[in-house]
Amino acid sequence: MENDLQKLIEILRKELEHRYFKKGSFLHPEVLLMSQQLDEYIVAIQKLKH
């Protein structure tokens with residue numbers, strides 16, 4: 001499960017980067033939403049590690 005989350009986080013990071021460059025701002029709603037989702041996955045994986 002931890003491995004799956006790590007892969008998902010990597011995919012989301014790349015997608016977030018892509019959307020940031022496409023939209024030109026971290027404040028764009030799409031970019032903000034994806035960033036929040038990524039944060040949730042990062043918190044989940046940190047909880048699994050402890």
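**Entry 1: Leu8.** I looked up the exposure of Leu8 and found this residue partly exposed, at 30% relative accessibility; buried means under 20% relative accessible area, exposed over 50%, and partly exposed in between, with a 1.4 Å probe and protein chains only. Leu8 lies in helix α1. I take helices as DSSP runs of H or I with at least four residues, and strands as runs of E with at least two, numbered from the N terminus. Between Leu8 and Leu38 I noted 30 residues in sequence and 8.9 Å in space, C-alpha to C-alpha.

**Entry 2: the model.** I record that this is a predicted model, in which local features need pLDDT of at least 70 and side-chain atom pairs count only at pLDDT 80 or more, while totals for chains, interfaces and linings use all residues. Residues are numbered from 1 along each chain as its sequence is written, and side-chain values use heavy atoms, with hydrogens and water left out.

**Entry 3: overall.** I counted 2 helices and 0 strands in the protein. The C-alpha atoms fill a box of roughly 35 × 15 × 10 Å along the principal axes. Of the 50 residues, 16% are buried.

**Entry 4: the helix pair.** I examined helix α1 (residues 2–23) and helix α2 (residues 29–49), whose axes come within 9 Å and cross at roughly 160°. The axes are lines fitted to C-alpha atoms over the stretch in contact, and angles run from 0 to 180 degrees between N-to-C directions. The angle therefore makes α1 roughly antiparallel to α2 (over 145 degrees; under 35 is roughly parallel, 65 to 115 roughly perpendicular, the rest oblique).

**Entry 5: the interface.** I listed the residues of α1 that meet α2, among them Leu5, Leu8, Arg13 and Tyr20; their partners in α2 include Val31, Leu38, Tyr41 and Ala44. Contact means heavy atoms within 4.5 Å. By class, the contact of α1 with α2 has 14 nonpolar, 2 polar and 7 charged residues. Ala, Val, Leu, Ile, Met, Phe, Trp, Tyr, Cys and Pro count as nonpolar, Asp, Glu, Lys and Arg as charged, and the others, Gly among them, as polar.

**Entry 6: Leu5 and Ala44.** Leaving aside neighbours within four places in sequence, I found Leu5 in contact with Tyr41, Ala44, Ile45 and Leu48. Ala44 lies in helix α2 and is partly exposed, with a relative accessible area of 29%. Ala44 and Leu33 are 11 residues apart in sequence and 17 Å apart in space, C-alpha to C-alpha.
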